[in-house]
Amino acid sequence: MFKPLSVYFHWPYCKSKCPYCDFFKKVQKNVDETSLVKEYISELEYYQNLVPQRKVQSIFFGGGTPSLMNPKTVEKLIETVFCLWKPQENLEITLEANPNSDRPHLFSDLKNAGVNRLSLGVQALNESDLKFLGRTHTLKEAYKSIDEVLKVFDNHSIDLIYSRPHQKLEDWEKELQQAVSFGFKHLSLYQLTIEEGTVFFNKGVQALEDEKASKMYQTTVDFLREHGYPRYEVSNFAMPVYESIHNKCYWQGDDYIGIGESAHGRLNISEQNFAYVHPHISEKLSSHERAEELLIMGLRLQKGINKTHFKEICGLDFDTFIDQEKLHTLVAEGFLIDKPNVLRATDQGFLVLDKLVLELF
Ligand SMILES: C[S@@+](CC[C@H](N)C(=O)[O-])C[C@H]1O[C@@H](n2cnc3c(N)ncnc32)[C@H](O)[C@@H]1O
Ligand code: SF4
């Protein structure tokens, strides 16, 4: 049986830089897409030589703003992936889009290019917070794009950022209610983080205090659980069967390749783990290094870590790798649930996940 492979394309170009964002991006008009496609294809071929016998389970166009790409470019890249590897039956092809009003057929063109899941970066559902977040779209444009995405695609997701400074819980609850009413199959809801080097950081914008942020997070989780969107990862919520195959590949430790500037990947080849950074710089990871990554990523999932899968990837026995004394304390304190083949966080554990993980190894 062929092992699954996921493919990430990074499209680094944006119309402008949002003040909170520290993703790798460039503001540039007139991008030479023909040359970029050549570079992307040669990267794909490099990886095909390394792992020829795989089945592609997901393709993700992320950014930056990949909805600025010409849909023909998207189509060419998808076709190339199919020439190099066999696709899995339920292959997921996602593209991240920003709301726009200047390209009326964009979403149907993207669908015709092969995209079957659209992730729309709305970020806020009121005019003043859209401005605060430095977005280039208005609320009206957001609604228009939401309508179009829901009409054109069967599988769709919306991104919102909350825990904005001065945001009141009751205002966020109203936005949540509205987000649910649209009928997206998946929601990615991120608490605002102030990242070093961003405009917000330099201006001294403060994140919401921990206590308020935790309350907002738990309210979000409870509300969505009641409304048919159980959490499957810290910031990701989906109707049953609409969890993102691509996102889960990172958290489960499946293999993926990253194409484009700043992209990275993980490959398990002949039972050795490798980290890749653009362009083709590889580093062999020790079993211990990979095990740490699997623990940090795996506990973000609601279903937690499958201990058998963990051993298959890094070669270490999970219960031997973990500090058992600390584990027993954290279980007794109600932060973790430890079963024979699974370790997972409780609701209380999700509130302090970053600290929890560090205690375990
Ligand atoms: C690569 S980004 C942007 C995708 C797309 N260009 C957009 O702007 O919608 C993916 C998601 O990360 C989230 N994000 C980026 N920076 C963040 C921050 N500092 N705090 C919280 N969420 C953030 C946003 O919700 C965004 O949609
Ligand atoms: S949030 Fe999206 S549009 Fe804004 S700078 Fe980051 S990648 Fe670009």
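S16 and strand S17 (residues 342–345) form an antiparallel pair joined by three bridges. Within S17, Leu343 is the bridge partner of Asp338. This is a predicted model.

The pair belongs to an open sheet of three strands. The strand order is S15-S17-S16, and the pairing is antiparallel. Strand S15 (305–306) and strand S16 (336–338) are the edge strands, each pairing on one side only. A helix packs on this sheet: helix H13 (residues 324–332). Helix H13 touches S16 and S17. The direction of H13 makes about 115° with that of S16.

Now to the ligand. Ligand 1 is surrounded by 16 residues. The closest are Gly63, Gly64, Gln123, Arg135 and Asp159. By class, the shell holds eight polar, five nonpolar and three charged residues. Three strands each supply at least two residues of this shell: strand S6 (117–123), strand S7 (156–162) and strand S8 (186–191).

| Residue | Protein atom | Atom of ligand 1 | Distance |
|---|---|---|---|
| Gly64 | backbone N or O | nitrogen | 2.7 Å |
| Arg135 | polar side-chain atom | oxygen | 2.8 Å |
| Thr193 | polar backbone atom | nitrogen | 2.9 Å |

Taken alone, ligand 1 exposes 560 Å². The protein buries 91% of that area.

Gly64 reaches a nitrogen atom of the ligand through its backbone, while Arg135 uses its side chain to reach an oxygen atom.

Definitions and conventions. Residues numbered from 1 in each chain as written. Chains lettered and ligands numbered in written order. Predicted model: local features only at pLDDT ≥ 70, side-chain atom pairs only at ≥ 80, totals over all residues. Heavy atoms only, no water. Near = heavy atom within 4 Å. Polar contact = N/O pair within 3.5 Å; in protein donor to acceptor, adjacent residues only side chain to side chain. Areas by Shrake-Rupley, 256 points an atom, 1.4 Å probe, with all protein chains shown as cover. Helix = DSSP H or I, 4+ residues; strand = E, 2+ residues; numbered from the N terminus. Nonpolar A, V, L, I, M, F, W, Y, C, P; charged D, E, K, R; others polar. Pairing = 2+ DSSP bridges. Contact = heavy atoms within 4.5 Å. Axes fitted to C-alpha atoms, helices over the stretch in contact; angles between N-to-C directions.
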